[in-house]
Amino acid sequence: MDGLVEALSVDFYGTFINSHVLSAFHALYVSYTYRGLMRDSQPWLLHLVCVLVGLLLGVTIRHVLLGLRAPWLTSNTIIPLYIVCWWAMNYCPGDLVYKLYSNTLVNAVGKAMDAIYKTKAVFGGVDEVVRTLVYPSVPATIILGTLAGTMGGLWKTLVTRIVAGKDAKSEFSEPTMMGKSALYTCVLYYFLTDPHHLLFPAQQLHSAGWNSVYLVKNALTTVSVAYHVATVFSGPYTPLPVRVVESTVAMGLRPIIGGVGSSSNNNKNNNSNSNNSNSNSNSDKKQKQKKTADVAKQQPTAANQTNKN
């Protein structure tokens, strides 16, 4: 049993795929998504800056919030690698890289690599928060871990609206499965590995020989890769298990949200009724004032007629 756990605990994706290779595929994928948005309509320098910010924003914000130094500030390879990938996707002679990446099978491989990169970024975010914070904080761990996989999409929405001047919906208003996958991956990874020992004591996990970290990493990464590759052939969709969970959660929250909504609707109705009553009373007052004014006008005319007679 120990040998099986030891064999399964190998981080397959981290062992056989170099981190620089994953970074290159991630940069190619981001550059590919920005090409149609900015290449022909914006200056090349603005295009490059927007792509670099999209690649570095998530990790930078996480490290700033944790009081740490972003790793790309001390690296001699990250920024040059991203620039080369951006140039290759946009200005390679013969447009070779873009045409190659547009092929369905090559695009599937690129999305698979990008999925591995994003899931590893989420895992790294959770692990870094656990190592850095002195006191365990579940909300902080979930939020900062999710930011690692969502900030690039949020940045692209801002670029689409402000720089490109096109309409784009944010992940906050209409979350997509691509954006929600980072949250689901983060939540599952945190509670399945239980780094703060909220569910199981540390002694119990060690005595059982349960090396959950690498097992969960490989399982979640495999699921993420399978989903991203499937979207190449079928388009974005929400898997059935996710739909079931989301529907169950929505049904559970409906009484709470409905109660808040009904109370607010009642308040609105009460306010509208009070406004209607006030308007009715004001109209009654105006009508009474008009009648008294008409009566006052009629009295002098009647007196003048009697004087004439």
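On a 1 Å grid over the protein atoms alone, a cavity is a set of points where a 1.4 Å probe fits but cannot get out, and its lining residues have an atom within 4 Å of a point. Grid points are joined across faces, edges and corners, and a volume is the space filled by probe spheres set on the points. The model is predicted: local features need pLDDT of at least 70, side-chain atom pairs count only at pLDDT 80 or more, and totals for chains, interfaces and linings use all residues. Residues are numbered from 1 along each chain as its sequence is written, and side-chain values use heavy atoms, with hydrogens and water left out.

The largest cavity holds about 80 Å³ of space. Its lining includes Lys118, Val122, Met178, Ser181, Thr185 and His228. Helix 9 (177–193) gives the largest share of this lining, four residues, while helix 7, helix 9 and helix 11 (212–234) each supply at least two. Helices here are DSSP runs (H or I, at least four residues), numbered from the N terminus.

The nonpolar cores come next. Such a core is a set of buried Ala, Val, Leu, Ile, Met, Phe, Trp, Tyr and Cys residues joined through side-chain atoms within 4.5 Å, where buried means under 20% relative accessible area (1.4 Å probe, protein chains only). The largest core has 29 residues, of which Tyr34, Leu55 and Tyr82 touch the most other members. Helix 3 (19–38), helix 4 (44–66), helix 5 (78–91) and helix 7 (104–132) each give two or more residues to this core, and helix 3 provides the largest share, nine residues. Beyond its neighbours within four places in sequence, tyrosine 82 is in contact (heavy atoms within 4.5 Å) with residues including Ser23, Leu55 and Tyr117.

Four salt bridges are found in the whole structure, each a side-chain nitrogen of Lys or Arg within 4 Å of a carboxyl oxygen of Asp or Glu. One joins aspartate 95 and arginine 35 at 2.6 Å, N to O; aspartate 95 and arginine 35 are both buried. Arginine 62 pairs with glutamate 128, with the closest N and O atoms 3.1 Å apart. This pair connects helix 4 to helix 7 across 66 residues. Aspartate 127 and lysine 217 form a further salt bridge (3.6 Å, N to O). Because aspartate 127 lies in helix 7 and lysine 217 in helix 11, this pair ties together parts 90 residues apart in sequence.

Terms used: Buried means under 20% relative accessible area, exposed over 50%, partly exposed in between (1.4 Å probe, protein chains only). On a 1 Å grid over the protein atoms alone, a cavity is a set of points where a 1.4 Å probe fits but cannot get out, and a pocket is an open set with protein on both sides within 12 Å along at least five of seven lines; lining residues have an atom within 4 Å of a point.
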